[in-house]
Amino acid sequence: MPFDPYSPCPGGTGKKIKFCCSDLVGELEKVERMIEGEQYVSCRDHIAKLDEKFPGRACLLSWKLLLEQMTDDREAATRTLAAFILQNPENPIALAETALERVQEGDVRTGIGFLQSAIEASGDQLSERVYAAIGAMGELMMMAQQVLPARAHLMLQIGMSGGSDQRPLEILMRLESAPTVSVLLKDAPTYAEAPADAPWRGEFEEATVLAARGWWRAAAARWEKLAAQTADSPALWRNLATVRGNLADYAGCIDALRRYAALADGGAVSLDDAVEAEARAQLLDRDSAEGTIDSLLVSFPVSDIDELERRLASDKQLDRMAIDTRTLAEGDSPPPRAVYWLLDRPLVTSGPELPPDQIPQILGQVLLFGKQTDREARLELDLNRPQFPAAREALRRIAGDALGSEQSEQVTGHLSAAQFAMSWQWRLPADMTESHRRKLIVDERRALVLERWPNLPLPLLGGQTPAQAAADAANRIRLLGAILLLEISDSEPSMAGVYDELRRKLGLPVPEPFDPAGLDLRRVPLVRLARVEAEKLTDEQIKDAFHRLVGAGYQQAVSRVAQELTRRTSAELLEYKLAAYSSLVQVEEDTDQALALIETARQLAEQARRSTARWDLEELNLRIERQEGQRVAVLITHLRDEHGREPGVAEALTQVFMRLGMIGPDGRVRMPAEAAPTPGIVVPGADAAPGKLWTPESATPGGQKPGLWMPE
């Protein structure tokens, strides 16, 4: 196909080819044919020769860079990009590619700044390369867990494509459903409008237009100029918080959020808006709000490994993990000889109703390594710093002179000091009754929220405790924001109402339920949907609310709406009712109650002539958790014979077989006599992440339930 000389220059100059590089039209046609024919290496060689003959041409440098990236020659691409941006400092493609390089090097704000320059330099003619860079920036930000700029770049690309580009839509959906992303950051931000009578309304709206185009830096500069003149405008601070977050200017974003929240004192901002803004500010700077503690890996030299191994194995304050240690090997290094939990007191092997003050807590994880080619025998202790003194003292008592003094201390990560104080790690007896276990957890959670947290010194409050700070009305918004953060991070149904009890205890206002009449629930902040008067929702509203809450994974609010759905009788809500039962099963702690929910849903599906495979699988997972081997075997046979040909059932059964160790070396399935036992350990508030303690739940999929499903 002949090359159109009136097409935009592929080098991002903003000119037509005829007026930019007309002497290269023939060569550009040849390059395009080679790329279409996937002759990348030969095309790259050809462009290199052209670049020598026509040095500094943006079109050649742009294609040269692209081909080096496609052939994975990073060193050459780095050199070409350096030359490209040096010779064409205002070229949008060179700026966009530099932006991605800076972010990949870890300099996020500088990288976003380069991309802003690329977008601004593009004017009304955005090249495909700059458009692609916007999406790539969104993906990079998501991988780096930079939620605000990730969302902003993805939404910008979606807007530019008119919603036709599926990739940013899919990535955005993953971000919004990610359990690691707070519900406070899952709402799509909108720009506030200036007051109709504001003398600076025109300037404000010009900045809004820039922000909508993705010119966030320019919009921020205009709003900052206005804010210097009129610092009491909620719209200005709200919009500044948004664009600063888009630019990864977190300090500026936090400042704007708090200036916005401060306007609640004069009534310009509602209490709900102010508290949510403060909670976002704390979330963006959680270390400063809550403090941090170190996760450690401490190494000790071993003088007599056989004696040490004997002592470790015989002491009741250590509990050996029944795992295949080969899974813990790193690279070519041999795995540990043994791995133990180190407890704060001797292990209790039996206690159906053991009182909480007699339950051992885990201090850390002990890994014992034998002598290696390049290393002497050693013991490694993996734990959090506050646990180290007690753990070291216990090891000294157990090991005696078979263990030397600590040889090295490595900080492997950090975690919130408040979150650490609000979590615990129990090693429960295997024969503890489920009802007692559930009561222990509920009681401990309540005590942590109502007794420990109010007396926990917080950097957010200048080192004061919430109980001390509550006496000063100036701390009201900060305390309410901190409680909201606690509340939305706690998905336990048993904690419903406890956080309102905490607010009352501290003399703080309690958020009221709201009537949804006339509201578009797609625009109500997600965090408030937990307070909706669900019984007053119309059928259309309850669909919108349920879809949105399940998509965001906001389980506390999902349960509230799901319970109402199960009471509805409309035939049009059948699929939603079934999905509601599924969501309720996920969070029900009482397995008897969960089984009752499953049976009700199964009957509903049968009455509607729908497959019951979903509910058979739900029951199967619960029966495995309850170690009911005979019922497990019956359900597996039923699913295989009655539902084996239905989509997804065979795959789900295979996962179950793998969990139970029922797939032998020959790949054949072996039916179990009894289900595999589940470990007697409870680790509320602890996530499986690098630098944190290993637990059976974090290493295997055992005990997990199937994910939620939604009606189409």
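**Packing and burial in a predicted helical chain**

Tutor: Among contacts in the chain between residues at least 6 apart in sequence, 62% join residues at least 24 apart, where contact means heavy atoms within 4.5 Å. This is a predicted model, in which local features need pLDDT of at least 70 and side-chain atom pairs count only at pLDDT 80 or more, whereas totals for chains, interfaces and linings use all residues. Residues are numbered from 1 along each chain as its sequence is written, and side-chain values use heavy atoms, with hydrogens and water left out.

Student: Why are helix 28 and helix 29 called roughly antiparallel?

Tutor: The axes of helix 28 (residues 613-625) and helix 29 (residues 629-643) cross at roughly 160° and come within 9 Å. The axes are lines fitted to C-alpha atoms, for helices over the stretch in contact, with angles from 0 to 180 degrees between N-to-C directions. Angles under 35 degrees count as roughly parallel, over 145 as roughly antiparallel, 65 to 115 as roughly perpendicular and the rest as oblique, and helix 28 and helix 29 are therefore roughly antiparallel.

Student: What is the handedness of the crossing of helix 28 and helix 29, and which residues make the contact?

Tutor: Helix 28 passes helix 29 in a left-handed crossing, a term for a near helix turned anticlockwise from the far one by less than a right angle, clockwise being right-handed. The contact involves Ala613, Asp616, Leu617, Glu619, Leu620, Arg623 and Ile624 of helix 28, together with Arg631, Val632, Leu635, Ile636, His638, Leu639 and His643 of helix 29. The residues of this contact divide into 8 nonpolar, 2 polar and 4 charged, where Ala, Val, Leu, Ile, Met, Phe, Trp, Tyr, Cys and Pro count as nonpolar, Asp, Glu, Lys and Arg as charged, and the others, Gly among them, as polar.

Student: How do you know whether leucine 639 is buried or exposed?

Tutor: Buried means under 20% relative accessible area, exposed over 50%, and partly exposed in between (1.4 Å probe, protein chains only); leucine 639, at 0%, therefore counts as buried. Leucine 639 lies in helix 29 and, not counting residues up to four places away in sequence, touches Ala613, Asp616, Leu617, Leu620, Gly644, Val649 and Leu653. Its C-alpha atom is separated by 7.9 Å from that of leucine 617, 22 residues apart along the chain.

Student: What makes helix 28 roughly parallel to helix 30?

Tutor: The axes of helix 28 and helix 30 (residues 649-659) come within 11 Å and cross at roughly 5°, an angle that makes helix 28 roughly parallel to helix 30. Ala613, Leu617, Leu620, Asn621 and Ile624 of helix 28 meet Val649, Ala652, Leu653, Val656 and Arg659 of helix 30, a contact of 8 nonpolar, 1 polar and 1 charged residues.

Student: Why is the pair of phenylalanine 204 and tryptophan 223 called tilted?

Tutor: A search of the whole structure finds 5 aromatic pairs. In this one the ring centres are 5.6 Å apart and the planes stand at 55°. Rings of Phe, Tyr and Trp (its six-membered ring) pair if their centres lie within 6.5 Å, and planes under 30 degrees apart count as stacked, over 60 as edge-to-face and the rest as tilted, so the pair of phenylalanine 204 and tryptophan 223 is tilted. Phenylalanine 204 lies in helix 11 (residues 201-212) and tryptophan 223 in helix 12 (residues 216-229), so the pair ties together parts 19 residues apart in sequence. Both phenylalanine 204 and tryptophan 223 are buried.

Student: What makes the pair of phenylalanine 546 and tyrosine 576 edge-to-face?

Tutor: The planes of phenylalanine 546 and tyrosine 576 are 65° apart, with 6.4 Å centre to centre, and the pair is edge-to-face. Phenylalanine 546 in helix 24 (residues 539-552) and tyrosine 576 in helix 26 (residues 574-587) are 30 residues apart, and both are buried.

Student: Why does alanine 248 count as buried, and where is it found?

Tutor: Alanine 248 has 5% relative accessibility and therefore counts as buried; it is found in the loop between helix 13 (234-246) and helix 14 (250-262). Alanine 248 has a positive phi of about 65° although it is not a glycine.

Note on methods:
Helices (H or I, at least four residues) and strands (E, at least two) are DSSP runs, numbered from the N terminus.
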